[in-house]
Amino acid sequence: MKINRRTFLQGVGASSVVGSLSGLMPGIASATEQRGGAPDKLLKREGKIVYHTCQRNCADRCLLKFTVQNGRMTYVEGASEMKKMGTSPCVKGHAYVQYTYAADRILHPMERAGEKGEGKWRRISWDQAYAKISARLKTIIKEHGADSILPYSYSGHEGVIGKYGGPSRFFNAVGARKLDRKVCVFAAYEGLKSVTGTYQGPDPYDNIYTNCYISWGQNETATNVHGIKFINQARDKGAKLLVVNPIRTPIASQADIWLQPKPSTDTHLATGIMKYLIENNLADTKFIEANTIGYQDLLKRIAEMSYDEIEKVTGVPREKMFKFAKVYGESELSVLRLGYGMQRNYNGARMSRAIAMMHAVAGQYGKIGNGFVYDNTQADDSLNYSKGRADHIHPHGDTVGHVNMTEIAKAIHPTNPTAYGKPIKPIKAVINYNGNFVSVAPDSNACRRGAMRDDLFLVVHDFLMTDTAELADIIVPSTTQFEFPDMGTDYNCYHMQTSEKVIEPLGESKDNWIFFKELAAHMGLDHHPEMRVDYEQILRDFLDTEEPAFRQNNITYEQIIEEKFVTVYDQRPYFGDGKYKTDSGKIEFYSQMMIDAGYHPVLDFGLPEDEMIPEEKNLPFRMLSPAIPQRANSSFYNVKYIRNFPAYFAKVNNEDAKELGIKNNDRVRLSNHRGEAFFIAQVSSQVGRGTVMAPKNNWRRMDPQGKASCTNNLTTDKLTDMGGCSAYHSTNVAIEKA
Ligand code: SF4
C-alpha cells in the first residue's frame, strides 16, 4: 500500500471514496452528497473554526479545530495554541473529514427484509422505526420483563453525553439489564489498588523531569503519541529509556535496554528485578521503612523464587535483566508507564500488583519526575455519574441483573445463557450503540450465533454497516461525534474539555441523546423530567460534583465552554504527602485484598496456562492481538486510506516460522477450539518464540482476503483474576500454512 499525498489529503479523499463504495449500499444516499459542494473546491483553511475533542478511546484526547464552510466540515488541525498535551491529530484524527463524509455512511433507518444476516434491507421512516422498536420492546417487557433488554456499548463515543448521559437515561427509564463495561483496565485497577490504593498517578507533563522512563507493556507510538515528546525531552537531558514488552514496538527499538519476556510472565520478571535491587543494595530502604507495610513478607517471598526459575518462565536472560535493574535502581527519579494490554490476562491483576510493588522497592513514588502512570481518570472519576445518567429513575437499579460485556456471547447464548458463571434469565433484545460486539467481543463466532437467534431483537444505532449491524433487525442511523455538542475527559493528563457541535446531522441521522430521548417518548417514558432535558442540562448534571478535583479550582460549565479545556486539580507531586489510599495508608507489600480475592498476599506466581483447558494449554503459540496505530478498536474501517493500511498480518518469529515451513507472505491459519482465523505471515524477530501477534478487531465484512481475519474468532471470554476484565491475551493457538 502506498500512502501518497493525494490519498492522505483531508477532504479530497472524501469525494474519491464515493466512486468505489457508494454502490455497496443501494438505497442509501451518500454522505458526500449532504450539505453540498465538492470538498476539494473549498478553501480548506477559511471559515468558521469550531473546537472539538477527539472522542476515540485514546488517552491523549486531542483538542482539535475544525474549519466549517457552508455548513460543511472541511479541515481538521490541532488546537496547537492551547497548552495541552494532545493538540495534534494522529493519522486517525487527520482522517475525520473522510470519516464523517464516508460514502458508505448509513443515513436512513432500515429494517431487515430477509433472513438475519442476509444483507437485505428496506428503508423505513423514523416514525416507522420508532413504532416498530417501541412495539417490540413493549411486548418483550410485557412477556419477559424489562430486564430482558440489554444495552451493549463501549467506546465508539467517549463523550460525557455520547457515552453515558444520553443512552443510559433511556435504559434506566426502561428498567433494562445492566451492562458492566469492564472490557479494559479493571484487572490492573484491582492490582494497583492492592498496592497504593489507586490506579491514578502523576501528571505525565512531569515526565520531562525524570532520569529514567520505563515503558512497561505500553506502545506509546500507537496509543500515547503525545507522551513521546515528554520522553524525548527527558532523554535530551540524559534520561534512560527502559522498555518491557513481548513485542519489539517502535519505542522498544529506541530503548537503552529492552526486555522481551514471554507474554504474561511479568510477575516473575518484576520479582527478578526486585531480587536484584535487594541483593545489590539498590532497594530504597529509607523509603520502604517510611511508606510501606509487609516488607519482611516480601523479602521472604522473593527468596523463594530463584533466578533459574525466573529465566525459565520469562525467557529473559538474567544478565540482561540485571543490566536493566541496575540502570533502574541507580536512577534518582524513575517514572513507570504501564500499558493497558498486559493486564488483559487471567493473571492481569496479580502482574500489575507485582510491577507496582517493584516500583516501591525502588522508592519511586512521591516526587516530581517519578511515580507510576496508568489510568489518570482524575477528571472522569470526579463527574457526577449517577446524576448524569439519571440512575435513580431505574425502577430496580439495585437489584437488576448484570451482564459483563466480555461475556456477551455467554449472555445471549441460544440455549444456556449465563453471566458471571451463573444461569440467567434470557436476553430478548439487545440495543447496540457505540459498539460492534460481533467484531470486538471475545469468541466472535459465539457472539454471532447469539446475535442470529430468531427470538433476539437486535437494534443497532450506528453510522456504518458493521459486522453487528448486518445481523440487526432494525438499524437506525447515528451521527458521528461532530454532529452534536458534548464534553470529554482526558485519561492521561488531568483535563476536561469541550466538544462543540461542528456540523448539522447528515441525512436523517440522530445522535446518542436525540435517538434515545425520542424513543423514550414513543414508549411513554417521557414522564421522567430527566428524559426531556437538553444537552446542556445533561452536562450540568455531570458537572454537579463536590469532588475536590473540580471544586479546588471551582470548575464550571461556563469555564469549560469559554476556555475550551481545563485542568482539574490533583496532588503534585503525586503521593508527595506520603499518604497512600490503602486501608493502612501505606504501600502494601502484604495485602488483605489479595487474600480476600483468593491469592497469595504478597506475590502470586500463577500463569494463564494454569487456567486453560488442556486442549488450549497444549497449543504451542500465545496469541497477542493489540491495536494498530491507524485504528481505534473497531473504528475507522470506513476510511479508505486507513482501511488500506496492512492489518491482516500475523507476525511469527523467524525460528518458529522456519520450523513450521512458513515464509514471509504465506497465508497462515491460526486455530483453537473456538475457531480459526487467516492472516498473511510476517516472519519477524519482533515477536519472541512461541508468540504470534495479529491486529485486533478486523471486520469480517471488510476482509480483503475473503477469509475471516478477526482475532476474536479465537479469543477467550473468561474473565481476569480480579476486576472482571477481559483476558484476550490469554489465548493459545496453533499455526499452520493455509
Ligand atoms: S486518536 Fe488519539 S492521538 Fe489520534 S487524534 Fe484522537 S486523541 Fe489524538
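How do the residues of the shell around the ligand divide into nonpolar, polar and charged? I'll start there, and please keep in mind throughout that this is a predicted model.

The shell splits into seven nonpolar residues, two polar and four charged. There are 13 residues around the ligand, and the ones that come nearest are C54, C58, C62, C90 and G93.

Next, a helix pair. Two packed helices are described by the angle between their axes and the distance between the axes. Here the pair is α10, residues 266-279, and α13, residues 307-314. Their angle is about 145°, and the axes lie 9 Å apart. The crossing of α10 and α13 is left-handed. On the α10 side, the contact is made by H268, L269, T271 and G272; on the α13 side, by Y307, I310, V313 and T314. By class, the contact of α10 with α13 has four nonpolar residues, four polar ones and no charged ones.

Last, a sheet. Strands of a sheet pair through backbone hydrogen bonds, either parallel or antiparallel. This one is open, has three strands in the order β20-β21-β22, and is antiparallel in its pairing. The edges are β20, at 486-489, and β22, at 565-567. Each of these two has a single partner strand, so one side of each has no neighbour in the sheet. From one strand to the next, the twist averages 15°.

Looking at one pairing in that sheet, β20 runs antiparallel to β21, residues 495-499, with four bridges between them. Within it, G488 sits opposite Q497 of β21.

Notes. Residues are numbered from 1 along each chain as its sequence is written. This is a predicted model: local features need pLDDT of at least 70, side-chain atom pairs count only at pLDDT 80 or more; totals for chains, interfaces and linings use all residues. A residue is near a molecule or strand if its C-beta atom, placed from the backbone, lies within 6 Å of it. Ala, Val, Leu, Ile, Met, Phe, Trp, Tyr, Cys and Pro count as nonpolar, Asp, Glu, Lys and Arg as charged, and the others, Gly among them, as polar. Axes are lines fitted to C-alpha atoms, for helices over the stretch in contact, and angles run from 0 to 180 degrees between N-to-C directions. A crossing is left-handed if the near helix is turned anticlockwise from the far one by less than a right angle, and right-handed if clockwise. Two residues are in contact if their C-beta atoms, placed from the backbone, lie within 7 Å. Two strands pair if DSSP finds at least two bridges between them.
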